[in-house]
Structures are given as structure tokens and as C-alpha cells.
Amino acid sequence: MSSPEKKWKTIESGPHTYEDALHPVVRANYGKWKYHEIPKPGVLMHVAESGDTIYTVRAGTPRQDTVDMIRRLCDVADKYCDGYLRFTVRNNVEFLTPHQENVEPMIKELEAMGLPVGGTGMCVSSVSHTQGWLHCDIPATDASGVVKSMMDTLYHEFKNMQMPNKVRLSTSCCSINCGGQADIAVVVKHTRPPRINHDHLSLVCELPKAVARCPVAAIRPTVVNGKRSLMVDEAKCICCGACFGACPAMEINHPEHSKFAIWVGGKNSNARSKPSTMSIVAHNLPNNPPRWPEVTDAVGKILLAYKEGGHPWERIGEWINRIGWKRFFEETGLTFDEDMIDSYRHARTTFNQSAHVRF
Amino acid sequence: MDGAESAASKEVQKSDEAGMEKNENFLNPTPMLDELEKGPWPSFISGFKELAERTKKPMLRGVMDQLEYSYNTKMGYWKGGLVTVNGYGAGIITRYSLIKDKFPEASEFHTMRIQPAPGLHYNTAMLRELCDIWEKYGSGLIALHGQTGDIMLQGIEQDKVQECFDELNQAGWDLGGAGAGMRTAVSCIGPGRCENACYDNLKLHQSVLKHFVGVLHRPEWNYKLKFKFSGCPNDCTNSIMRSDLAVIGTWKDAIEVDGDEVKAWIDQKGIDALVNNVINHCPTKAISLKNGEMVIETRDCVRCMHCLNAMPKALSPGKERGISLLMGGKNTLKVGVNMGSLIIPYMKMESDEDIEAFIEKIEEIIEWWDDSGLDHERIGETIERVGLKQFLEGIGLEADINMVSRPRDNPYFKAKY
């Protein structure tokens with residue numbers, strides 16, 4: 001190819017600078033904010049000690065954006081926000097302006113672009129999710145599609161603040177769960193041990209590395225048709241898929257046997273209760289593109305019961321702590337089964353070590 | 001870079017489009033993906049189509065064809081590889097199609113991870129420039145943002161990566177982390193807008209990531225190491241669960257109470273709301289009513305944030321602010337979910353010296369992990385394997401009761417008697 005003559009000498013600069021990305025009113029009141037209010041869904045009002053006020057309009061995005069979409073967001077920021085904008089960790093875009101009169105026209109313009117204004121306070125915010133079939137090398141599904149399908153049904157809940165507390169969702173295309181712990185998480189669950197390609201394995205995998213990856217020591221070296229390979233003790237295998245990451249010849253994904261599980265009660269914040277991890281409440285749901293109706297339906301059932309029964313400020317996990325798991329399953333219509341009893345490390349900590357019983 | 005050039009390229013593309021006049025034929029049919037154009041939530045498929053029809057980039061067509069194929073077969077078709085830029089060993093996520101015979105236009109679809117500004121703040125000039133460079137060399141697809149906290153520029157061919165990076169780098173952008181090294185960090189909005197920010201997390205983020213920039217670009221550890229910086233215990237970056245090193249703002253003294261605003265809150269919402277929605281939710285029963293006045297017992301407060309969240313105008317964090325450091329958060333694989341646990345209960349974080357002292361401590365921690373950890377073992381897993389006590393000895397920290405939720409419940413250990 002072309003010889004690199006106009007050689008630019010790389011500057012290992014790390015994160016982009018942020019001072020120049022802050023609105024002047026933000027810069028002037030940096031670290032001196034007094035309080036905030038949520039005048040209406042999708043709008044925040046922050047007041048500084050100086051008396052300065054900054055309004056934020058928040059809108060949902062598809063996360064899988066394009067330069068066209070981002071230029072349109074820039075147009076809005078140039079028109080109403082002096083050229084500044086930011087994003088939240090849940091893929092929402094935020095426009096900050098000191099001018100209250102810009103808020104309503106901006107909302108209209110964003111809605112006209114097809115971007116829902118909302119995602120504030122006690123609502124269902126957008127989903128943190130993974131890359132899926134579009135870009136990942138080990139996905140069993142396409143998180144972007146699942147998320148789009150779910151958010152279509154939760155559109156109203158994004159644009160309003162009618163939940164007991166905020167609801168954080170995540171979606172992940174394998175059990176590594178890059179989408180993360182959430183109030184409700186939709187995560188792929190493999191149900192069969194990996195299928196091994198013995199012809200390729202020794203060519204594409206470091207055998208000891210794949211053996212060491214297994215958390216239950218189910219992988220052993222073997223020879224198949226005169227070739228060095230690996231075998232899986234299927235009785236021991238817990239279908240986690242860890243080996244597949246180390247060894248692409250141990251195919252864990254399967255069009256029918258890679259299913260979905262639904263998890264609830266993850267909470268990252270320290271507010272009230274300590275952060276908590278999620279529990280499984282449904283599994284063996286089909287991986288059913290392009291709209292995944294079974295997944296959307298199960299998530300809807302949980303949200304409906306929570307919306308009805310949760311007390312103000314209770315996150316989903318806290319709501320369940322109050323009403324108990326028995327009532328959770330009754331009220332959501334989901335079914336508890338024996339596979340939901342933990343069988344892994346620290347399983348005992350999830351058993352009921354008391355005489356507290358719910359009838 | 002130069003705005004005129006980008007504006008011009010936009011115009012050129014527009015006139016190209018007008019000249020071709022066969023938009024509807026550029027993309028192949030994608031009936032499965034088309035289903036994702038229905039419904040009110042913004043559709044990424046509609047976005048992809050708009051971009052593909054405008055730019056006529058064959059890669060976009062190929063990738064949509066392969067994605068449609070995945071939706072039909074319910075399998076993924078990308079494999080990794082090794083693409084990088086001069087002097088770096090990480091930052092490009094390499095993707096080759098496993099079925100390039102079927103979809104030759106999708107044979108390469110590499111991602112460039114780019115580190116955004118801490119707090120995900122942008123001005124439109126920098127974002128437009130990023131878009132222009134990306135459209136020039138890559139597909140024009142961007143994820144804002146990846147779960148790593150990076151800007152994900154998705155879809156570039158290997159022979160364009162270096163040139164694209166050079167141009168991005170001149171504009172102030174640098175690649176993010178990947179592999180067994182320091183990773184791109186995440187910060188909440190911090191002092192940029194939040195009244196609860198207890199330290200300047202944007203500045204600390206910037207300083208720490210600049211300090212470790214070498215090992216971010218040239219990974220050489222046992223496994224990945226992630227920082228997240230949250231301004232307060234609401235932990236909007238989900239740092240306790242999602243990072244090896246969770247830096248969370250906190251305070252030591254009493255919550256600041258504005259008595260008039262408390263009264264105004266009660267007048268507006270009623271005493272029932274105060275009891276049911278604030279006092280009863282306090283995890284340590286640190287709040288009580290005395291003669292109708294709300295009283296917080298600071299010694300009982302664990303800085304959970306609930307009352308501040310419920311009464312943002314009346315209550316604020318105390319004045320003696322700093323950070324807590326928790327360590328070891330990671331997700332399920334392989335030992336089960338590991339939440340970060342408290343390692344440094346409090347450190348001041350105001351001056352440049354405070355930042356230097358923090359970085360020094362982190363270097364000691366990493367050195368210990370580099371010596372004691374096994375291949376593919378996150379630092380939380382190493383601590384679990386060798387023991388928290390051994391870790392504390394290794395890095396020279398005194399045991400503190402805040403590091404545990406209670407003392408041990410079994411008697412089997414060797415003490416120094």
C-alpha cells in the first residue's frame with residue numbers, strides 16, 4: 001500500500017480532554033451545584049450555589065448510531081445548547097442549556113426526529129447491552145434487536161415516571177453478561193455442553209489454556225482420529241461457555257439450545273440496601289428473532305407486578321425482599337423450579353437458613 | 001480538522017446520491033431486520049439503512065446481509081484476529097467474517113475503541129470532526145457507548161486503520177484499552193452537574209488514565225483491570241459491580257441539613273411522606289423525629305444516599321469529602337459474580353498531591369497483583385484465592401473493620417500469639 005510518508009508521531013494522550021466539552025455555565029459552576037428538580041419527564045433542572053440554572057433534556061437513542069444521527073444530534077446542540085451535549089451510561093443523550101425557553105422547542109424537535117424524551121427519575125431507562133451478531137465473536141443472539149423489541153413495548157415507561165423507583169435493564173448475548181447486573185436482565189443461557197470440532201481444535205486452540213478455563217474441571221486432553229484434541233465430561237459441564245472464549249473449536253452457541261434467562265433484583269446503587277446481585281426467575285425462553293416476543297412478555301409481566309405492588313423508592317430487589325419470592329412468582333405468573341436453586345459456589349448463602357416461612 | 005473539507009464532503013455525497021437515483025437497489029432485501037423498523041423506539045436498522053443508502057459503502061451492505069443471515073440461522077459469524085496501530089498492542093477489536101465467501105463485502109469489519117472525555121461530555125466541533133474522520137475511513141457506524149465506556153467506531157478495513165488513527169490522534173483522540181491491561185475508564189457526570197459529587201472524578205479519571213496510558217496500549221498483565229469513578233455512593237457508573245477499582249465519592253462529617261428546606265419539604269409532601277419515604281428507608285435507622293424536627297445521627301449514618309436523593313434541596317453531603325476505594329468487582333465468569341469490597345475507606349481527594357498519593361497506592365496494588373495473580377485472573381479473584389489478609393500484608397495496608405461486613409464466623413486460622 002501507500003508508504004507512510006507524512007508520518008504523524010502518535011501522542012498517547014489517553015482520554016479526550018473534558019474542559020473544552022463543558023458548557024460555559026457548567027464550567028462556571030463546576031463542583032458548586034446546590035440541588036436539582038425534575039420539572040417533567042425527560043427534563044432536569046440543576047441550580048448552582050451562584051443561582052445559575054441549567055436545564056437538561058434527555059432522550060433515548062438506538063445506541064447503535066451512525067454519523068448521520070450524531071450530526072443531527074449536533075445540530076440540535078448547536079441550535080439550542082451553544083454546541084454542547086453529553087451521553088449517559090445508559091446510552092441516552094443529554095442536551096444542557098441555561099435557557100429555559102429552549103426546553104420545549106428542543107423536546108419537539110427531538111420527538112420529531114423519532115427520539116423519545118424521557119429516561120429521568122422513576123422510569124424504565126434505556127437498556128445497557130452488548131454487541132451481538134452485529135459485531136461480537138461469541139454471541140448467541142443480537143442484543144440490539146432484543147433491546148429494540150423490549151423498548152418498543154416499554155416506550156411509555158421510558159417517557160413517564162410512574163414506577164416505584166428507577167428500573168435499570170440490561171441484555172447480554174452470552175453468560176459473560178457484559179450488559180451487567182440490573183433490576184431486570186435478559187441474558188443468554190446455554191443449555192448444552194460445547195460441540196467440539198476435533199479436526200480444527202489443535203490448530204486454533206492452546207490446549208492447556210482451554211483446559212484451565214473450565215471452572216469445574218470438565219475438560220480433558222484426548223486424541224481423536226490421531227489428532228490431539230479435548231473432550232468434555234458432559235455430566236460435569238455447567239454450560240457456562242468459558243472454554244469457547246479461549247477455544248473457538250469448542251462451539252457453545254446453538255441455534256436452538258442457546259436460550260434466554262431472565263434475572264431480577266440486581267442493584268448497583270448503595271442507596272438504602274447494599275448493592276445486590278440478580279436472581280434467576282425464568283429460563284429456557286426461546287431465542288426467537290427478529291422480535292423475541294417470549295422475552296418481552298416475561299419482562300412485561302415483572303414490570304407490571306412491580307409497578308402495581310412496589311412502594312415508593314423500592315427497587316425491584318427491595319420490593320421482592322418485602323413481599324418475598326413466593327409472592328413475586330405468584331404476582332408475576334412466573335414459575336419457580338428446581339433449577340433455580342443455586343448449585344454453585346456459595347450456594348448455601350442463598351438457602352433459607354431460618355424458620356421464616358411465607359404461606 | 002478542517003470544517004470546510006467536511007462540509008464539502010457532505011455536499012459531494014449529497015450530489016452523488018442525487019446522481020445515482022437508485023437508492024432502493026443499493027441494499028439487498030433484509031426482511032428479518034426490517035421487522036426491527038417497526039414500533040416507536042428509534043430503530044438502529046433504520047439508521048443503518050439511511051447511512052448505507054447515502055454513502056453506498058459496500059461494507060455496510062455486506063454487514064447487513066450477514067446480520068440478516070444471522071437472524072435466520074441464529075448464529076454469529078465473526079472471528080477475532082490481530083490488527084493494531086504502530087506502537088500499540090491493543091485498541092482495535094479485529095473482526096473477520098467466517099463466511100466471507102457468502103458475504104465478501106463484510107470480510108473485514110474491525111472496531112476502533114476510542115476513549116471519550118471523562119463523563120461523556122462533548123462539544124459539537126469535536127463530535128463532528130470525529131464523524132467526518134470516521135466517515136472518510138470507516139463505515140460511519142458508531143456505538144455511543146460500548147459497555148467498556150469507549151466510543152465504538154464499528155467497521156473499518158485493516159489497511160485504513162493506521163491512517164484513520166493518525167487523523168483521529170491529531171484531533172485529540174486516543175485508542176481505548178483491550179486485552180490484559182489497563183482499560184478505558186468510566187465516570188459519571190460528576191461536578192459537571194451533580195450536587196452530590198464528592199470529588200472531582202473527571203480530573204482523577206483523566207490523571208489516572210494518563211498515568212497508566214502505556215499499559216493501556218501495551219497490555220502485559222494477568223488480565224484486564226478496570227477503573228470506574230463515581231462521584232457519590234449512588235454509583236451511577238455501577239463501579240462496585242463492574243470494575244476492579246471502584247472509586248466512589250464519600251464524606252466523613254455530618255450530612256448538611258437546610259432546616260428551612262426540610263420544613264418546606266414537609267409542608268409540601270406531608271409528615272407521612274417523611275416517615276414512609278425517608279425515615280423508614282434509612283438502612284441504619286439513623287433518622288428520627290424529635291419534636292417534629294428531623295434529626296440525623298451522624299454516627300449511625302452509612303452514607304447510603306437515600307435521604308439525600310429523596311430531599312435533594314434540603315440535604316447535601318458533608319463538607320469533609322473524599323473517596324472510598326472498593327476492589328474486585330467483576331461479572332459471573334468463572335467464579336460467580338464478584339462485587340467489589342471496601343479496601344480504602346477514606347482518602348482525601350482535593351489536591352494534586354492527593355491524586356499522586358492515590359496513584360502511588362494503585363501502583364503498589366497492581367505490582368502485588370502482577371506478582372501474585374495467575375493467568376486470566378482478575379484482581380478480585382486473586383484476592384479471594386490468596387485471602388484478603390494476605391493482600392493487605394502484600395500492599396502494606398492495616399486491616400480496618402470497614403473492610404468486612406462482620407468478623408469471621410469460623411475459628412480455623414493461625415494467629416500470631
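One of the residues involved is Thr66(A), whose bridge partner in β6(B) is Leu141(B). Keep in mind that this is a predicted model.

Now the whole contact between the chains. Chain B puts in 105 residues and chain A puts in 94 residues. On the chain B side, helix α6, residues 124-137, gives the most, with 8 residues. Sorted by class, that side of chain B has 49 nonpolar, 37 polar and 19 charged residues.

Next, chain B by itself. Its division runs as follows: domain 1 covers 3-73, domain 2 covers 78-170, domain 3 covers 186-251 + 321-403, and domain 4 covers 256-316.

How far apart do domains 3 and 4 of chain B lie? Their C-alpha centres are 31 Å apart. Where they touch, domain 3 of chain B supplies 7 residues and domain 4 of chain B also supplies 7 residues. The domain 3 side of that contact has 3 nonpolar, 3 polar and 1 charged residues.

Last, helix α7 of chain B, residues 158-170. Which of its residues are buried? They are Val161(B), Phe165(B), Asp166(B) and Leu168(B). These buried residues of α7(B) pack against four elements of chain B: β2 (92-93), β4 (110-114), α6 and β7 (151-156). After α7(B) comes Gly172(B), with a positive phi near 100°.

Notes. Residues are numbered from 1 along each chain as its sequence is written. Chains are lettered from A and ligands numbered from 1 in the order in which they are written. This is a predicted model: local features need pLDDT of at least 70, side-chain atom pairs count only at pLDDT 80 or more; totals for chains, interfaces and linings use all residues. Two residues are in contact if their C-beta atoms, placed from the backbone, lie within 7 Å. Helices (H or I, at least four residues) and strands (E, at least two) are DSSP runs, numbered from the N terminus. Ala, Val, Leu, Ile, Met, Phe, Trp, Tyr, Cys and Pro count as nonpolar, Asp, Glu, Lys and Arg as charged, and the others, Gly among them, as polar. Two strands pair if DSSP finds at least two bridges between them. A residue is buried if 20 or more other C-beta atoms lie within 10 Å of its own, exposed if 12 or fewer, and partly exposed in between; C-beta atoms are placed from the backbone. Domain bounds come from an automatic or database domain assignment.
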